[in-house]
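Trainee: Could we go through this model together?
Mentor: Happy to, let's open it up.

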Amino acid sequence: MKKVWLIVCREIGVRIKKPSFWIVTLLVPLVLAALYALPVLAASRPAGPVTVLVADQTGLFAPGLASTPEVHFKEVASVEYARANSSEDDLILFIPKRETSMPREATLYYQGFRPPSLAVQSVVDNQLQQLLRNAILEDVYGLSPAERHSVESSHILLHTRDVVTGREGLTRVKTVVAFVLAALMVLALMMFGVQVMRAVQEERQNRIAEVMATSVSPLQLMGGKIAGVSLTALIQLLLWGALTAVAVAGIQAAAPDLFHAARQVPGMIETKGFTATAQYAAGNDATAAVALVDDTVRGLAAINLPLIAGMFVLCFLLGFLLYGGLLAALASRLDSEADALQWTLAVAWPLALVLLMVPLIVRGSTVLLYIPFTAPAAFMAALPFGIALGPALVSLLLLLLFAAGALLLAAQERRK
């Protein structure tokens, strides 16, 4: 056991001493913190409104289009007039007239090579939809403005609750969390699995393994190498999590008013959905946007984060032993690094399959939990919705057995 521990310490020491380890360790949290902050900062930047020239042949829409901070509407006589009297940044909204029914289509023309942003398109689309509904309610059904407002301001909030415990399902938020956890597991296993292959190939080229093989068994050698790389990967993952939390806290502390406003005003945060943003900008009822933010907050609060963090570490270690052993066995037979990368993709394709099967997993399918090659990512995808103790234990036990088998296979290949 002492010899295995020496190999583990050597693998950890070699990787931690590399400048690339610390560069990546410091760079990734900064990138993640930037991904958190950039949408809010971009949404808070003051920008002049885009001018939309409206050529409305129906006469139903142009008078009711309300300018917003993002879009300024201006009525014109025709598309030809708009083209002759517009700048390159202006947009042209054309609504053709229909004789027998309400208009069913409209065209938003742009000039140059850059189409309008999704936020601008959402503002225009939502206002057109609202005005069309108003026209139908007034002209077809004869509702007064007060009656129409009563209809539009009526909302019903649908909850999903467990019939026994009364806890809310919060399916939308948990589905996003499930996909993110599965994707993180796939990326971590593939990224650090490549390091195992490179470590084995480097030692073959440097003939270090031949020297070490004289004092330790192949099983001890491969077990110590895979354990050392996995512990290094775990250290890096923990540093990423801690440094990302520190970076996010620092950004929030540097601009507390900005992020407080972003949490309070649904329309500022574009990542919450362009539909909610457009509804807020158009002056419509913001109940849907508020509900979206509220569901997100309550969904994240309802998730047992310590449990997820602990199970992520456990599934990562077991999954890494499985895939690390398989990749180490392959590396013992491969000479080219390019071949190693291709075989990594060939071996890890079951993990990528899990990302496509997340919708089935969140519906309750447990098949992928019992397949060791898909279990690490499938387990994390199913965890936000809860996993029964029996299937969880069976899944982890099978994963452990296959991981031990992969380690023995790697040792057998090293012995040849």
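This is a predicted model: local features need pLDDT of at least 70, side-chain atom pairs count only at pLDDT 80 or more; totals for chains, interfaces and linings use all residues.

Trainee: How far apart are the end C-alpha atoms of helix 1?
Mentor: Helix 1 has 15 residues, 2–16, and at 1.5 Å a residue they should span 21 Å. The model agrees with that, because the end C-alpha atoms are 21 Å apart.

Trainee: What arc around the axis do the buried residues of helix 1 cover?
Mentor: Val4, Ile7, Val8, Glu11, Ile12 and Arg15 are the buried residues of helix 1. They lie on the same side of helix 1, because the arc they cover is only 130°.

Trainee: Which are the edge strands of the open sheet?
Mentor: The open sheet has 4 strands in the order 2-1-3-4, with mixed pairing. An edge strand pairs on one side only, and here these are strand 2 (71–75) and strand 4 (107–109).

Trainee: Is Phe373 buried or exposed, or partly exposed?
Mentor: The rings of Phe373 and Phe402 form an edge-to-face pair, since their planes are at 80° and their centres 5.9 Å apart. Buried would need under 20% relative accessible area and exposed over 50%. At 29% relative accessibility, Phe373 therefore counts as partly exposed.

Definitions and conventions:
Residues are numbered from 1 along each chain as its sequence is written. Side-chain values use heavy atoms; hydrogens and water are left out. Helices (H or I, at least four residues) and strands (E, at least two) are DSSP runs, numbered from the N terminus. The expected span of a helix is 1.5 Å times one less than its number of residues. Buried means under 20% relative accessible area, exposed over 50%, partly exposed in between (1.4 Å probe, protein chains only). The arc is that of the directions from the helix axis to the C-beta atoms. Two strands pair if DSSP finds at least two bridges between them. Rings of Phe, Tyr and Trp (its six-membered ring) pair if their centres lie within 6.5 Å; planes under 30 degrees apart count as stacked, over 60 as edge-to-face and the rest as tilted.
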